[in-house]
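Please look over the sequence and the model below before reading on.

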Amino acid sequence: FSTLAASLHGGYRVVPQWKLAASAALSTRAPHVNELLTDGIHHGTGTYEVGNIYLKPEQALNLSLQSQYTSLNNVFSLDVTLYRNSIKNFIYQQPRPDEPVLTIRGAFPRIEYRATDALLQGMDITASLQPHKHLSLTSKYALLHVRNQTTGDWLIGMPSDRFSNELTYQL
């Protein structure tokens with residue numbers, strides 16, 4: 001397999017405390033040997049995995065927009081990133097629950113490596129507040145929606161939306 005990668009990035013400072021950035025990237029990823037050739041029990045997951053010798057390299061177009069704001073006194077900052085990744089031949093594991101594989105060790109759920117056209121869209125938000133030089137609060141939110149463009153359904157195995165808070169006191 002041969003792969004290609006290219007990217008274009010640009011930024012603009014609206015005012016000293018506010019920056020905007022955009023990027024576009026093209027990339028390819030060759031299938032891993034396990035995705036191509038595996039045919040057996042995966043002892044770590046307790047599944048029977050079946051590779052696909054006909055998988056082609058993934059081809060991705062990634063677009064993102066970012067806005068960063070930091071207050072003049074550095075007490076507050078906000079970072080918002082929007083992204084859209086279109087991936088042709090996206091390789092994923094498809095469970096086949098109605099086709100268990102019987103072996104001398106028992107029955108194992110069948111997992112097949114497949115490819116589809118996928119669309120990953122999301123947003124990451126990080127807000128930080130530092131009211132005192134030793135105390136800071138950081139909140140993060142990550143939103144991800146992934147669709148199988150071929151079937152029009154959601155893709156499985158993707159991380160769910162996440163929200164976290166962190167309160168830090170430094171001595």
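Predicted model: local features only at pLDDT ≥ 70, side-chain atom pairs only at ≥ 80, totals over all residues.

The largest nonpolar core has nine residues, namely Ala60, Ile87, Phe90, Tyr92, Ala118, Leu120, Leu144, Val146 and Leu155. Strand 6, strand 7 (106-132) and strand 8 are the elements that give two or more residues to this core. Strand 6 gives the most, with three residues. As a general matter, nonpolar side chains tend to be buried together in soluble globular proteins.

Leucine 144 lies in strand 8, which covers residues 135-148. Is leucine 144 buried or exposed? Leucine 144 counts as buried because its relative accessibility is 17%, and buried means under 20%. Apart from neighbours within four places in sequence, leucine 144 is in contact with Tyr83, Leu120, Gln121, Gly122, Met158, Pro159 and Asp161. Arginine 162 is 18 residues from leucine 144 in sequence, and the C-alpha atoms of the two are 8.9 Å apart in space.

The charged residues come next. Side chains of opposite charge can pair when their charged atoms come close. How many salt bridges does a search of the whole structure find? The search finds six.

Arginine 29 takes part in a salt bridge with glutamate 58, at 3.0 Å from N to O. This pair links distant parts of the chain, since glutamate 58 is in strand 5 and arginine 29 is in strand 2, 29 residues apart. Arginine 29 also forms a salt bridge with glutamate 35, where the closest N and O atoms are 3.3 Å apart. The residues of these two pairs can be sorted by their accessibility. Glutamate 58 is buried because its relative accessible area is 10%, and glutamate 35 is buried because its relative accessible area is 12%. Arginine 29 has a relative accessibility of 32%, so it counts as partly exposed.

Another salt bridge joins the side chains of glutamate 112 and arginine 110, at 2.8 Å from N to O. Glutamate 112 counts as buried because its relative accessibility is 14%. Arginine 110 is partly exposed because its relative accessible area is 22%. Both residues belong to a network of salt bridges that links Arg96, Glu99, Arg110, Glu112 and Arg114.

Most residues other than glycine have a negative phi. Asparagine 74 is not a glycine, yet its phi is positive, at about 60°. Asparagine 89 is not a glycine either, and its phi is positive at about 65°.

Where are these two asparagines found? Asparagine 74 is in the loop between strand 5 (58-70) and strand 6, whereas asparagine 89 is in strand 6. Asparagine 74 is exposed because its relative accessible area is 53%, and exposed means over 50%. Asparagine 89 is buried because its relative accessible area is 18%.

What does asparagine 89 touch, not counting residues up to four places away in sequence? Asparagine 89 touches Lys56, Pro57, Glu58, Ala115, Thr116 and Asp117. For proline 57 the contact involves the backbone, as the side chain of asparagine 89 reaches the backbone oxygen of proline 57 at 3.4 Å. Glu58, another residue on that list, is the glutamate that pairs with arginine 29.

The last stop is the surface. A nonpolar patch there is formed by Tyr12, Val14, Val15, Trp18, Leu20, Tyr69, Phe76, Leu78, Leu129, Leu137 and Leu167. Together these residues have about 910 Å² of accessible area. Strand 1 (5-15), strand 2 (18-29) and strand 6 (76-103) each supply at least two residues of the patch. Which strand gives the most to the nonpolar patch? Strand 1 does, with three residues.

Valine 15 is one of the patch residues and lies in strand 1. Valine 15 is partly exposed because its relative accessible area is 33%. A patch is made of residues with over 30% relative accessible area, so valine 15, at 33%, passes that cut-off.

Conventions
Residues numbered from 1 in each chain as written. Heavy atoms only, no water. Patch = residues over 30% accessible without salt bridge, like charges linked within 9 Å, V, L, I, M, F, W, Y side chains within 5 Å. Areas by Shrake-Rupley, 256 points an atom, 1.4 Å probe, with all protein chains shown as cover. Salt bridge = Lys/Arg side-chain N within 4 Å of Asp/Glu carboxyl O. Helix = DSSP H or I, 4+ residues; strand = E, 2+ residues; numbered from the N terminus. Buried < 20%, exposed > 50% of the residue type's maximum accessible area, 1.4 Å probe, protein only. Contact = heavy atoms within 4.5 Å. Core = buried A, V, L, I, M, F, W, Y, C linked by side-chain atoms within 4.5 Å. Polar contact = N/O pair within 3.5 Å; in protein donor to acceptor, adjacent residues only side chain to side chain.
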